[in-house]
Amino acid sequence: MRIGVVLNILDEEYQISVYKGIVQKAQELDVELVCFQQENSHITEDEPLSRFPNKEYFDLDGIILVTSVITGNAEFVTKADVERIWGNLPVISVGQKIEGVPSVLIETEDSMKQLVEHLILTHNYRKFLFISGAEDHPDAEVREQIFIKTMEAYRPWFADLKYSLKRGYFTEVAAIRAMGEYMNETKKLPDVVVCANDNMAIGVYKYFKIHSADLKNKECAVTGFDDIPQARFEIPSLTTVHQPLNEIGEKSLELIKELVSGKKLPDEVFIESRVVFRKSCGCKGSKDDFASDEEQFRAMQANYVQSETLLRMVSHIGQDLNYGETLGALKYVVRENLNQLGLNNFCILRFSSDSIKGSHSKNIPIDPLFVRRNGNECYEFDREMKMPLGQFYRRYYEIDTTTKPSMILKYLYAGNELIGCIFYEANENILPYVSSIAINIAHGLNRITIADERRKRSDFLEREINERTKELVEANNRRMEVEAEILKISELERQRFSNDLHDDICQRLAGISMLCRSYSNQSEPVEKNQMLELAQLIGETLATTRQYAHNSYPVELESLGMNHSLSNLCDSFSAQSGIKCNYEWAVPKGIHFDKTQKLNIFRIIQEALHNIMKHSQAENVQVSVRMESKKTVVQVIDDGVGFVNNTEDKGKGLGLNSMQYRANQIGAAFVIKPNKPKGTCVQLSISNKFLEDRNEK
């Protein structure tokens with residue numbers, strides 16, 4: 001049987017004593033325990049790791065809920081509140097009544113009344129200060145109500161009976177603050193300070209020591225509640241109400257085992273408390289007190305030495321953890337100090353940042369950073385990172401099935417972020433100190449994790465910079481290659497234009513010149529047909545010259561528009577090549593091209609038609625400019641032999657690069673692909689948004 005124990009945090013005597021009783025009875029009844037400390041409520045309920053344990057990832061058979069100490073215990077009022085977290089899992093409540101849930105309760109009303117009556121009737125105290133516990137805490141409310149009710153019952157009999165109330169929140173520091181407020185208001189000590197728990201009574205003692213000079217070494221009577229072990233060590237020993245905390249723990253374990261086994265239990269199981277009269281109220285002590293002041297002093301001295309030793313050790317461990325910069329250093333510090341603390345079973349588990357959200361609790365991945373079982377470090381877990389939490393728990397217990405340690409889980413936080421947990425077994429005398437060590441481990445682990453992330457980020461940025469540098473170098477090389485090709489293209493264009501002028505226009509002009517010279521040398525007058533022949537030659541030369549000028553720069557792009565210019569280009573191509581060319585313009589009126597766009601689109605189509613005429617062996621060509629979705633698409637499609645089967649020369653390669661370069665100039669996507677069933681498709685795509693932006697500029 002595996003039982004979960006849920007409480008606040010094992011750093012104060014009440015919870016430690018209850019837990020000790022649970023552990024003792026669990027060992028006797030052969031029950032396995034897992035204790036969950038729920039001091040932090042930052043994790044929301046819809047996340048797998050909520051502040052209350054999910055039964056699945058530890059396969060729990062039942063829960064002991066020490067409700068009276070849990071932060072936010074107002075959430076537990078009825079059985080339905082419990083079932084929202086654990087479903088039908090058997091639950092026992094300790095210290096606070098939950099409707100429909102078996103609850104172990106302490107009968108304290110008679111004891112509180114008996115204590116107040118003792119102070120009034122036996123010691124004749126008339127001026128009381130009551131320091132209550134946390135606001136809205138059930139135990140604090142009950143104790144305060146009984147105190148007030150008893151005082152009011154005796155006021156008709158004693159006219160000088162007075163009392164004041166202060167809030168103390170169950171802590172020493174809060175009690176010291178409450179005493180300070182009271183003294184500032186009254187300027188005088190009361191006859192007796194009645195505290196709602198022993199921790200606050202010890203806080204009042206500390207107030208006396210801090211202000212001994214102002215009080216001229218005067219002190220008043222003080223009483224507490226709970227009877228924690230330290231109450232006996234104080235000087236004077238503390239009068240208090242004894243709650244059998246070990247017995248409470250033992251009883252709760254017995255009941256949860258019976259409940260898991262199917263036995264029906266009463267809704268309420270009461271355990272009686274009793275008043276313990278010691279020296280702090282003015283009595284001489286009782287049989288519960290130490291036999292002598294010397295014996296009490298020796299016990300207190302031993303307790304003090306042990307406490308000082310552990311505090312010094314915790315301080316050294318904290319300092320060492322703060323110096324560590326790696327996980328190896330953190331594990332070294334933990335490893336070197338575990339034996340001194342007697343921690344034979346101890347684990348540090350780290351949650352990855354994506355562990356907490358979006359995963360089923362049984363499959364939450366954890367990194368087992370440090371695992372120790374029965375005094376031996378388990379290195380095999382170092383090779384199995386990102387292990388599901390449930391799997392780790394089972395594997396941990398399978399290491400040694402002969403023992404069943406009572407393990408405690410404490411979450412590790414960095415601010416509000418849950419980063420991991422420690423999982424350990426410890427003797428009750430060092431439990432508060434392990435809680436302090438856990439805080440240092442959390443800070444060290446968070447610092448190391450951040451440093452690792454920074455190193456990884458730095459390495460990533462360095463790789464990115466290297467990649468980008470490499471890309472920039474390659475891009476620069478490509479740019480230089482393109483620029484060189486553009487220069488070659490320009491040179492070839494000039495050379496081709498020069499050759500055309502020399503081979504065509506100059507030859508024509510030379511022919512005209514020779515013809516004119518011939519006519520001038522003949523003795524007969526020039527006849528009409530000769531003049532017509534001369535005029536025809538001049539006209540053809542003029543038309544050819546105009547065509548060359550047009551090819552050099554199509555002036556009609558500005559005067560007649562892009563549609564008309566492309567139509568003329570297609571007609572001219574058909575006339576020169578004998579290839580049938582169909583032309584389509586399907587661009588809405590709202591789309592406009594600037595001068596640069598017009599020229600580059602025209603040149604790309606012109607180069608494509610030039611390649612078709614020279615290489616394709618095509619019979620038909622389709623030139624189209626149309627709107628598709630949010631793009632303007634230009635296509636030149638032929639039914640020739642295809643681009644792949646073509647024999648390329650150097651000039652053609654430069655021509656293709658020229659088209660790509662021109663497409664880049666206007667922010668267009670350029671592609672040459674096979675056309676089905678045969679031929680080639682040259683396609684240019686330009687975003688209409690880019691057209692609009694360029695036109696606005």
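**Figure 1. The structure holds 20 salt bridges, and one of them joins Glu181 to Lys166.** A salt bridge is a side-chain nitrogen of Lys or Arg within 4 Å of a carboxyl oxygen of Asp or Glu. This is a predicted model in which local features need pLDDT of at least 70 and side-chain atom pairs count only at pLDDT 80 or more, while totals for chains, interfaces and linings use all residues. Residues are numbered from 1 along each chain as its sequence is written, and side-chain values use heavy atoms, with hydrogens and water left out. In the pair shown, the closest N and O atoms of Glu181 and Lys166 are 3.9 Å apart. The pair links distant parts of the chain, 15 residues apart: Glu181 lies in helix 6 (residues 172–186) and Lys166 in strand 7 (residues 162–167). Helices (H or I, at least four residues) and strands (E, at least two) are DSSP runs, numbered from the N terminus. Glu181 is partly exposed, with a relative accessible area of 38%, whereas Lys166 is buried at 14%. Buried means under 20% relative accessible area, exposed over 50%, and partly exposed in between (1.4 Å probe, protein chains only).

Figure 2. An α-helix has 3.6 residues a turn, so residues three or four places apart point the same way. Arg455 is partly exposed, at 41% relative accessibility. Elsewhere, salt bridges that share partners join Lys25, Glu28 and Glu254 into one network.

**Figure 3. Helix 3 (residues 79–86) has Asp81, Val82 and Trp86 as its buried residues.** Seen down the axis of helix 3, these buried residues fall within an arc of 110°, so they line one face of the helix. The arc is that of the directions from the helix axis to the C-beta atoms. Gly87, whose phi is positive, near 60°, follows helix 3.

**Figure 4. Helix 17 (residues 562–577) packs with helix 18 (residues 595–616).** Their axes are 11 Å apart and form an angle of about 15°, which makes helix 17 roughly parallel to helix 18 (angles under 35 degrees). Axes are lines fitted to C-alpha atoms, for helices over the stretch in contact, and angles run from 0 to 180 degrees between N-to-C directions. Residues in contact (heavy atoms within 4.5 Å) include Leu566, Leu569 and Phe573 of helix 17 and Phe602, Ile605 and Leu609 of helix 18.

Technical notes:
Parallel < 35°, antiparallel > 145°, perpendicular 65-115°, else oblique.
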